[in-house]
Amino acid sequence: MDGWKERLKAEYKELKERLEKLHKWNVKQEAAFRLQRCGDGKIEDDVNRYLCKEQEEAMTRYLYILELRAEIYGIEL
């Protein structure tokens, strides 16, 4: 019965690591974008940046759900 708790802990750790990497990448991309002159970027770059930001937000929400579940069930992450 405790197998799901271990899976939750592993999933939390993996998601958190991925989220941290994606967040760092998004920060670098956003900084680079803001340094560019308006209109110099390619449309593909804009779309990719937007999608990665959306992905980061979704991952952040999911990480919160895992943290909440762990708190409810007394799982130390």
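Biologist: Let's start with Tyr64: in which helix is Tyr64 found?

Modeller: Tyr64 sits in helix H2, which covers residues 43-73; helices here are DSSP runs of H or I with at least four residues, strands are E runs of at least two, and numbering goes from the N terminus. This is a predicted model, where local features need pLDDT of at least 70, side-chain atom pairs count only at pLDDT 80 or more, and totals for chains, interfaces and linings use all residues. Residues are numbered from 1 along each chain as its sequence is written, and side-chain values use heavy atoms, leaving out hydrogens and water.

Biologist: How many helices and strands does the protein have?

Modeller: The secondary structure comes to 2 helices and 0 strands. Helix H1, residues 3-35, contains Asn26.

Biologist: Is Asn26 buried or exposed?

Modeller: Buried means under 20% relative accessible area, exposed over 50%, and partly exposed in between (1.4 Å probe, protein chains only). Asn26 has 2% relative accessibility, so Asn26 counts as buried. Tyr64, at 52%, is exposed. Across the 77 residues of the protein, 18% count as buried.

Biologist: What does Asn26 touch?

Modeller: A contact is heavy atoms within 4.5 Å. Leaving aside residues up to four places away in sequence, Asn26 touches Cys52, Lys53 and Glu56. Look at the whole protein too: among contacts with a separation of 6 or more, 83% join residues 24 or more positions apart.
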